[in-house]
Amino acid sequence: MAKGVKAIRGMNDILPAESYQWEFFEQTIHAWLATYGYRNIRTPIVEQTDLFVRSIGEVTDIVEKEMYTFVDHLNNDSLALRPEGTASCVRAVVEHNLLYASPQRLYYSGPMFRHERPQKGRYRQFHQVGVEALGYAGPDIDAELIIMCARLWKMLGITGLRLEIGTLGNAESRALHRSRLIKYFEQHTDVLDEEALRRLHTNPLRILDSKNPKMHDIITDAPKLIDDLDEESRVHFEALQHILREQGVNYEINLRLVRGLDYYNRTVFEWITDRLGAQGTVCAGGRYDGLIEQIGGKPAPACGFAMGIERLLALMSECGKEISRPVPDAYIVHQGETVMDFAWETAEFLRNQGLKAILHCGGGSFKSQMKKADASGARYALIIGDDEVQAQQVTIKPLREASQQASVGLDAVLDIINNCN
Ligand code: ATP
Ligand code: MG
């Protein structure tokens with residue numbers, strides 16, 4: 001027997017039994033973003049590798065070991081499947097000069113690709129919704145981004161998320177912090193693991209992110225960025241906290257919050273749950289004031305975040321959020337010499353009224369068609385035989401309740417279905 005072709009490990013099919021939950025999520029997202037005035041931007045899934053190397057950073061997990069990079073053999077270009085959306089969004093904004101007249105509130109949604117070890121909540125193709133506010137210096141916009149998340153969690157029925165915020169300061173305070181960290185870790189090279197040693201002089205901040213228990217103590221005692229923080233960033237961070245407090249959004253300050261991407265400065269934040277095991281961060285973001293210039297645009301500040309759709313859907317289910325499966329209003333069962341035209345007419349009539357109607361296709365006995373009607377989840381079966389065609393009526397049979405069936409005209413069918421909505 002020929003061996004079947006399978007999907008790639010870590011890249012999942014989303015089947016109809018699940019996809020309606022994605023549709024609910026997407027509809028909620030669109031309504032939510034519209035209420036805050038964010039507009040959609042759609043960029044290609046493939047970009048030049050250089051875009052991500054330059055923006056995310058050469059010495060990051062994503063670029064070093066998670067990115068799907070390949071050579072387009074038709075012209076020898078080095079390309080990459082996007083591992084995240086901010087870089088592409090900024091590239092498009094710069095390329096099309098969108099910040100020329102005014103700042104931009106933008107969002108995107110779609111698949112991202114990272115070659116990680118697949119496990120629950122961690123996939124090689126996963127999906128993000130990303131929200132980016134470009135051209136805003138904050139901290140008001142930083143607060144808006146966080147506060148709008150809080151509203152979304154309510155809309156999705158998600159409870160118990162913890163908000164952690166931190167600040168990375170400006171470029172100078174980070175440079176100062178970096179040199180302090182290098183000096184400090186140089187005194188502890190005996191405890192550093194191989195990866196930390198490798199990153200000691202290229203990206204010492206990454207060492208703080210290590211989960212190696214052997215290094216836990218030296219990481220805890222390492223110099224803290226807050227002590228090197230520049231005054232402007234301190235004021236920015238205070239102002240953000242003030243708005244959050246005024247708006248009743250609870251937060252914890254985490255001065256060790258290091259994001260896995262190099263472009264962040266000042267505000268960083270994460271929304272974290274304890275309900276999904278190790279993959280607890282469902283949404284993460286921050287300010288990236290240097291990125292636009294780095295990608296070739298006129299310097300402009302910006303802030304944004306991305307959330308993982310798979311993790312949020314899993315969390316909604318953990319929180320007991322029930323999403324009802326959409327069901328057809330009517331399933332049209334028909335059999336006889338003369339019925340086909342009337343069956344079509346009935347189906348299209350209902351659809352013209354905005355109702356969901358499935359017209360049985362493929363023939364079969366009444367009994368087998370009724371089974372299909374039942375399995376479809378439809379609220380009513382509309383039965384059409386030669387007698388019904390003669391009388392220009394359909395027999396309407398409720399499938400979800402014990403009331404009687406009746407033979408009625410199409411307008412009456414409409415009344416029955418609508419009155420029971
Ligand atoms: P993690 O610490 O879990 O690896 P990250 O810091 O790499 O996450 P970001 O790059 O900030 O994640 O992406 C934002 C969000 O996208 C994450 O909070 C998470 O919800 C989701 N996400 C990231 N990587 C994956 C993945 N491989 N599979 C599923 N969701 C992911
Ligand atoms: Mg990661």
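Tyr 263 is buried in this predicted model, because its relative accessible area is 5%, which falls below the 20% limit for that label. Tyr 288 is buried as well, with a relative accessible area of 1%.

The rings of these two residues belong together. In total, the structure has 5 aromatic pairs. One of the pairs joins Tyr 263 and Tyr 288 in an edge-to-face arrangement, with 5.7 Å from centre to centre and an angle of 65° between the planes. That angle counts as edge-to-face because it is over 60 degrees. Tyr 263 sits in the loop between strand E8 (252-253) and strand E9 (265-272), and Tyr 288 in the loop between E10 and helix H10 (291-294), so the pair ties together parts that are 25 residues apart in sequence. Tyr 264 also takes part: ring pairs link Tyr 263, Tyr 264 and Tyr 288 into a cluster.

**Ligand 1**

Strand E10 (281-287) is also one of the elements around ligand 1. The shell of ligand 1 holds 16 residues, and the closest are Arg 114, Glu 116, Arg 122, Tyr 123 and Arg 259. By type, the shell consists of 7 nonpolar, 4 polar and 5 charged residues. Strand E6 (125-134), strand E10 (281-287) and strand E11 (302-308) each contribute at least two residues to this shell. E10 gives the most, with 4 residues.

| Residue | Atom of the residue | Atom of ligand 1 | Distance |
|---|---|---|---|
| Glu 116 | polar side-chain atom | nitrogen | 2.7 Å |
| Arg 122 | side-chain N or O atom | oxygen | 2.9 Å |
| Gly 308 | backbone N or O atom | oxygen | 3.4 Å |

**Leu 382**

Another part of the chain to look at is strand E14 (residues 380-384), which contains Leu 382. Is Leu 382 buried or exposed? Leu 382 is buried, because its relative accessible area is 0%, and the label requires a value under 20%. Leaving aside residues up to four places away in sequence, Leu 382 touches Ala 330, Tyr 331, Ile 332, Val 333, Thr 346, Leu 350, Val 394, Thr 395, Ile 396 and Val 413. Ala 357 lies 25 residues from Leu 382 along the chain, and the C-alpha atoms of the two are separated by 9.6 Å.

Definitions and conventions. Residues numbered from 1 in each chain as written. Chains lettered and ligands numbered in written order. Predicted model: local features only at pLDDT ≥ 70, side-chain atom pairs only at ≥ 80, totals over all residues. Heavy atoms only, no water. Buried < 20%, exposed > 50% of the residue type's maximum accessible area, 1.4 Å probe, protein only. Contact = heavy atoms within 4.5 Å. Near = heavy atom within 4 Å. Polar contact = N/O pair within 3.5 Å; in protein donor to acceptor, adjacent residues only side chain to side chain. Nonpolar A, V, L, I, M, F, W, Y, C, P; charged D, E, K, R; others polar. Phe/Tyr/Trp six-rings, centres within 6.5 Å; stacked < 30°, edge-to-face > 60°.
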